Amino acid sequence: MAKYPFQVIYEDNHLIIVNKEPGILVQGDATGDKCLLDMVKEYIAEKYNKPGAVFLGTVHRLDRPVSGLVVFARTSKSLERMNELFRKRDVQKIYWAVVRNRPPQPKGKLVHWLSKDEAKNVTTAYDYEAPGTQRAELSYRVLGEINKYHLLEVTPITGRPHQIRVQLASMNCPIRGDIKYGYPKPNPDGSINLHARRLYFIHPVKKEPIICRAGVPANPFWEEFLLLDDEVIKDDNMDFLYE
């Protein structure tokens, strides 16, 4: 059994990118459960024999029941630059989502206005701009079907809390296991079948393309869907993060 519930996908002096297992908090919250940020700090301290506090900045987060790629910055300069890349949407994020209901179209774009209830930790999607809402946009395509479940490749254009979960649910395609957004039953391990699969961006310091891919969680249900992966990565496409 691995010591940590994550795999290191990319690591240099500036950044560390890990593939986290579902069920792990990215940053600490009121539960007091040990979080990914602290675990990765531990890993760095141990690997490089660093005494004292390890600097590690959280660039973005994944929801607790979601698996996949999380980026941390190892210096304040790289944190500032990565935050800017995310703010300007110069990072392409690709997710995989498994849904029971087939989407109405094989591919499409969803636009909603989202409002989050912080107390209940639930986001509501509206088809119109309402007071206090934020615009959310994503594109999706159906990669295929296995055992009456559909694998979607989802590219969020914006980065709102629970965005993919609530937007897919809004077209009657709640993610498998996501009872918060309308799936009828939970997964046995409390996860949902949403996985941060790929990241493309230009390294903020080295100025070279970084392309990361995260293996799906090690369980038979997820692993079946690897048959549907049709990924083709070309470095020369990095100039065009969004078609």
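Q: Which are the buried residues of helix 3?
A: In this predicted model, the buried residues of helix 3 are Gln 163, Ile 164, Arg 165, Val 166, Gln 167 and Leu 168.

Q: What makes helix 3 largely enclosed by the rest of the structure?
A: It comes down to a count: six of its eight residues are buried, so the helix is largely enclosed. A residue needs to be under 20% relative accessible area to be called buried.

Q: What do the buried residues of helix 3 pack against?
A: They pack against strand 5 (92-99), strand 6 (107-117), strand 7 (122-126), strand 8, strand 9 and strand 10.

Q: How confident is the predictor in this model, going by the mean pLDDT?
A: The mean pLDDT of the protein is 92, on a scale from 0 to 100. Also, 94% of the residues reach 70 or more. Watch out for residues 234-243, though, where the pLDDT is below 50. That stretch still has 17 contacts in the model beyond near neighbours in sequence.

Q: Where does Asn 147 lie, and what is its phi?
A: Asn 147 lies in the loop between strand 8 (134-146) and strand 9 (149-156). Its phi is positive, about 50 degrees, although it is not a glycine. Its relative accessibility is 53%, so Asn 147 counts as exposed too.

Q: How do you know that Asn 187 is buried?
A: Its relative accessible area is 7%, which is under the 20% limit, so Asn 187 is buried. Asn 187 sits in the loop between helix 3 and strand 10. Leaving aside neighbours within four places in sequence, Asn 187 is in contact with Arg 176, Gly 177, Ile 192 and Asn 193.

Q: What lies 3.1 Å from a polar atom of the side chain of Asn 187?
A: That's the backbone oxygen of Ser 191. The distance limit for a polar contact is 3.5 Å, so 3.1 Å falls within it.

Q: How do you know that the charged end of Arg 176 sits over the ring of Phe 221?
A: The charged end of Arg 176 is 3.6 Å from the centre of that ring. The distance limit is 6 Å, and the charge must also be within 35 degrees of the ring normal. Arg 176 also has its charged end over the ring of Tyr 149, 5.5 Å from its centre.

Q: Why is the aromatic pair of Tyr 4 and Phe 6 called stacked?
A: Check the two values in turn. The ring centres are 5.2 Å apart, within the 6.5 Å limit, so the rings pair. The planes are 20 degrees apart, which is under 30, so the pair counts as stacked. Tyr 4 and Phe 6 also form one aromatic cluster with Tyr 43. The search of the whole structure finds six aromatic pairs.

Q: Are Tyr 4 and Phe 6 buried or exposed?
A: Tyr 4 has 11% relative accessibility and Phe 6 has 9%. Both values are under 20%, so both residues are buried.

Q: What makes strand 4 largely enclosed by the rest of the structure?
A: Seven of the seven residues of strand 4 (residues 67-73) are buried, so the strand is largely enclosed.

Q: How do you know that strand 2 and strand 4 pair?
A: Pairing takes at least two bridges. Strand 2 and strand 4 have six, in the antiparallel sense. As one spot to look for, Asn 19 stands opposite Leu 69 in strand 4.

Q: What joins strand 3 (residues 57-58) to strand 4, and what joins strand 4 to strand 10?
A: Two bridges join strand 3 to strand 4, and these run antiparallel. Here Gly 57 has Ala 73 of strand 4 as its bridge partner. Two bridges also join strand 4 to strand 10 (residues 194-202), but these run parallel. In strand 10, Ala 196 is the bridge partner of Gly 68.

Q: Why is His 14 called buried?
A: Its relative accessible area is 18%, under the 20% limit, so His 14 is buried. His 14 lies in the loop between strand 1 (6-11) and strand 2 (15-20). Among the residues it touches are Phe 72, Ala 73, His 203 and Val 205.

Terms used: Residues numbered from 1 in each chain as written. Predicted model: local features only at pLDDT ≥ 70, side-chain atom pairs only at ≥ 80, totals over all residues. Heavy atoms only, no water. Contact = heavy atoms within 4.5 Å. Phe/Tyr/Trp six-rings, centres within 6.5 Å; stacked < 30°, edge-to-face > 60°. Buried < 20%, exposed > 50% of the residue type's maximum accessible area, 1.4 Å probe, protein only. Helix = DSSP H or I, 4+ residues; strand = E, 2+ residues; numbered from the N terminus. Polar contact = N/O pair within 3.5 Å; in protein donor to acceptor, adjacent residues only side chain to side chain.
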